[in-house]
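Work through these exercises with the model open beside you. Try each task before you read its solution.

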Amino acid sequence: MLVAPASATSTDFEGKAATEVLATLKTKGRAPKTGYARTQFGAAWADVDHNGCDTRNDILKRDMTDVTFKAGTHDCIVMTGTLADPYTGKTISFKRGNKTSSAVQIDHVVALSDAWQKGAQKLSASQRKNLANDPYNLLAVDGPSNQQKSDGDAATWLPKNKSFRCEYVARQIGVKAKYSLWVTKAERKAMTKVLATCPTQTVPLNDEAQATADAAEAQRKAEEEAAAKAAAEEAQRQAEAQQQQQQQQQDANVYYPNCAAVRAAGKAPLYQGQPGYSTKLDRDRDGVACE
């Protein structure tokens, strides 16, 4: 299972209202970009969770369906897959290759350059490496959209797919809360505007927490289904028992004064054990009356 690296701060904000968490973020201007380099966040796509696969392939495997892998790589190198792109809403067929891999790129939801200018300079090298490789801050997306976004924040770039903007902004807020990053005044204003359209939007859980939540929900549903099935079976059992009891009462009330009545009812011959049988109708006592 893909697990998020240890975070710089606690994650008690997960699942809370995005507007509530946004209110906890500090508002500051951008710090100078001086000293920024991709290497400040460690080697690109480092295997920080030590599962034997680099982060890019981990995210491709997580976010795509119908995934195939290069033989002999222990399901680490993704060769093909299908992406339901959150940024555009379109479906992208991914094929690994020099000219095709760029169709699907891994986006840092909070761009590293943006993070550098809003608090990441104060993080340790290890924390910055975690930020760059944290699945919570990564999404497989449409390549051109990722290029268009560049290092923009919510004030300068939002996904073309409007139905994803609330979740996108909420995830940015979650990442910034997780790594103690701040927002600019313009960024806060843009985030607030987006969240005004979805006031109940919550900050996403991280991958591990989401898996736990999904498992708990699945267990809850399974228990509800089992309880409903048991209740239905018990109700069926009681209904059958009641029906049987009613039938027995009806059978006990059946009475034929003579064989003529048995024949008139269309019940002749009448066998021992059947409703209405009596020895007085069975003269030879062979268990068959009104032969």
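A polar contact is a pair of N or O atoms within 3.5 Å; within protein, one must be able to donate a hydrogen and the other to accept it, and residues adjacent in sequence count only if both atoms are side-chain atoms. The model is predicted, so local features need pLDDT of at least 70 and side-chain atom pairs pLDDT 80 or more, while totals for chains, interfaces and linings use all residues. Residues are numbered from 1 along each chain as its sequence is written, and side-chain values use heavy atoms, with hydrogens and water left out.

**Exercise 1. Find the polar partners of the Asp107 side chain.**

Step 1. Locate Asp107: it sits in strand β4, residues 104-108. Helices (H or I, at least four residues) and strands (E, at least two) are DSSP runs, numbered from the N terminus.

Step 2. Check its burial. Asp107 counts as buried because its relative accessibility is 2%. Buried means under 20% relative accessible area, exposed over 50%, partly exposed in between (1.4 Å probe, protein chains only).

Step 3. Look for polar atoms. The Asp107 side chain makes a polar contact with the side chain of Tyr87 at 2.5 Å. A second one, at 2.8 Å, goes to the side chain of Lys149.

Step 4. Leaving aside neighbours within four places in sequence, Asp107 touches Asn137, Leu138 and Asn146, among others.

**Exercise 2. Which residues touch the most other members of the largest nonpolar core?**

Step 1. Define the set. A nonpolar core is a set of buried Ala, Val, Leu, Ile, Met, Phe, Trp, Tyr and Cys residues joined through side-chain atoms within 4.5 Å.

Step 2. Read off the answer. This core has 38 residues, and Tyr87, Leu131 and Ile173 touch the most other members.

Step 3. Find the suppliers. Among the elements giving at least two residues each are α1, α4 and β5. Helix α6 gives the most, with 7 residues.

Step 4. Look elsewhere. Another core, of 11 residues, lies apart and includes Ile59, Met64, Leu83 and Phe94.

**Exercise 3. Trace the pairing of strand β2 with its partners.**

Step 1. Apply the rule: two strands pair if DSSP finds at least two bridges between them.

Step 2. Take β1 (65-69) and β2 (78-84). They pair in the antiparallel sense over 3 bridges. Thr68 has Thr80 as its bridge partner.

Step 3. Take β2 and β3 (91-95). They run antiparallel and are joined by 5 bridges. Here Gly81 stands opposite Phe94.

Step 4. Inspect the hairpin of β2 and β3. It has 6 residues between the strands, and Gly89 takes a positive phi near 85 degrees.

How values were computed: Contact means heavy atoms within 4.5 Å.
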